Amino acid sequence: MIYAVVVIGQTVVLPILSGILELVIVGGAPVLVFGKWWGFWGGGTRLLLAGLVQASGKGQTSEILGSSAPTVAERQLTRELGVANIGMGLAGLFALVPGWARPAGVAGGVFLLLAGLMHIGKKGKNAKENVATWTDLIGGLAVVVLAVVSASPLFTGSRRPALRWVVAVTTPVR
């Protein structure tokens with residue numbers, strides 16, 4: 001139960017509440033505001049927390065691999081996934097830094113979307129796996145869609161938004 005509350009909070013509730021709060025207090029373009037908060041909460045804090053649990057060996061990820069008593073190799077794979085999640089989670093936290101929301105959010109968003117798509121076909125998922133599947137899809141889809149929309153010519157007014165985005169991401173900060 002606690003798992004579902006935390007994951008749904010990070011993936012759905014907190015991004016929406018944070019976005020609404022920022023729009024009411026500060027204003028801004030809704031696509032950018034919600035994209036930033038989905039990147040921070042859905043990609044950043046969620047993947048960081050999952051990674052810390054996986055790297056510690058305390059989570060249930062290794063059991064999802066198919067055995068009730070995980071092998072040494074399954075535990076090692078889980079810890080390595082945890083380290084990857086820590087890296088993507090830390091990157092997602094940079095979504096709150098001006099100019100970093102899109103690249104920081106996309107890393108975690110693509111990962112979550114692809115993980116959710118891979119979970120869909122699995123038979124016999126337990127309740128936690130169902131929560132993970134649907135929140136992976138929601139969080140991943142939200143970040144990716146908001147990144148694509150915010151880079152589109154209709155949003156940016158540019159005829160070459162992809163080029164503008166690449167230049168913005170690769171230009172060093174002085």
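Glycine 19 lies in helix 1, which covers residues 2-25, where a helix is a DSSP run of H or I with at least four residues, a strand is a DSSP run of E with at least two, and both are numbered from the N terminus. The model is predicted, so local features need pLDDT of at least 70 and side-chain atom pairs count only at pLDDT 80 or more, while totals for chains, interfaces and linings use all residues. Residues are numbered from 1 along each chain as its sequence is written, and side-chain values use heavy atoms, with hydrogens and water left out.

The secondary structure of the protein chain comes to 8 helices and 0 strands, and read from the N terminus the elements run α-α-α-α-α-α-α-α. Of the 174 residues in the chain, 39% count as buried; here buried means under 20% relative accessible area, exposed means over 50%, and partly exposed lies in between, with a 1.4 Å probe and protein chains only. The accessible surface of the chain comes to about 10000 Å², and 74% of this surface belongs to carbon and sulfur atoms; such areas come from the Shrake-Rupley method with a 1.4 Å probe, and for residues only the protein chains shown count as cover. Among the contacts in the chain with a separation of 6 or more, 64% are between residues 24 or more positions apart, a contact being heavy atoms within 4.5 Å.

Glycine 19 counts as buried because its relative accessibility is 0%. Leaving aside neighbours within four places in sequence, glycine 19 is in contact with Val33, Phe34 and Trp37. Glycine 19 and lysine 36 are 17 residues apart in sequence, and their C-alpha atoms are 8.2 Å apart in space.

Threonine 11 is another residue of helix 1, and it counts as buried because its relative accessibility is 0%. The side chain of threonine 11 reaches the backbone oxygen of valine 7 at 2.8 Å. When residues up to four places away in sequence are not counted, threonine 11 touches Trp38, Gly42, Arg46, Thr135 and Gly139.

Isoleucine 16, also found in helix 1, is partly exposed, because its relative accessible area is 33%. Together with Ile20, Leu21, Val24, Ile25 and Val26, Ile16 makes a nonpolar surface patch of about 600 Å². Patches are made of residues with over 30% relative accessible area and no salt bridge, in which like charges are joined within 9 Å and nonpolar side chains (Val, Leu, Ile, Met, Phe, Trp, Tyr) within 5 Å.

We turn next to the aromatic rings. The structure holds 4 aromatic pairs, and rings of Phe, Tyr and Trp (its six-membered ring) pair if their centres lie within 6.5 Å, with planes under 30 degrees apart counted as stacked, over 60 as edge-to-face and the rest as tilted. Phenylalanine 34 and tryptophan 38 form a tilted pair, 6.5 Å from centre to centre and with 50° between the planes. Both residues lie in helix 2 (residues 30-56), 4 residues apart, which is about one turn of the helix. Phenylalanine 34 counts as buried because its relative accessibility is 17%, and tryptophan 38 counts as buried because its relative accessibility is 11%. Ring pairs also link Trp37, Phe40 and Trp41 into a cluster.

The last features to follow are the salt bridges, defined as a side-chain nitrogen of Lys or Arg within 4 Å of a carboxyl oxygen of Asp or Glu; by this rule the count comes to 3. In one of them, the side chains of glutamate 22 and lysine 36 meet at 2.7 Å, N to O. This pair links distant parts of the chain, since glutamate 22 is in helix 1 and lysine 36 in helix 2, 14 residues apart. Glutamate 22 counts as buried at 16% relative accessibility, and lysine 36 counts as buried at 17%.

Another salt bridge joins the side chains of aspartate 136 and arginine 46, at 2.6 Å from N to O. Aspartate 136 lies in helix 6 (residues 127-151) and arginine 46 in helix 2, so the pair ties together parts that are 90 residues apart in sequence. Aspartate 136 is buried, with a relative accessible area of 6%, and arginine 46 is buried, with 7%.

Lysine 122 forms a salt bridge with glutamate 129, and the closest N and O atoms of this pair are 2.3 Å apart. Lysine 122 is partly exposed because its relative accessible area is 31%, whereas glutamate 129 is buried because its relative accessible area is 7%.

Notes
Polar contact = N/O pair within 3.5 Å; in protein donor to acceptor, adjacent residues only side chain to side chain.
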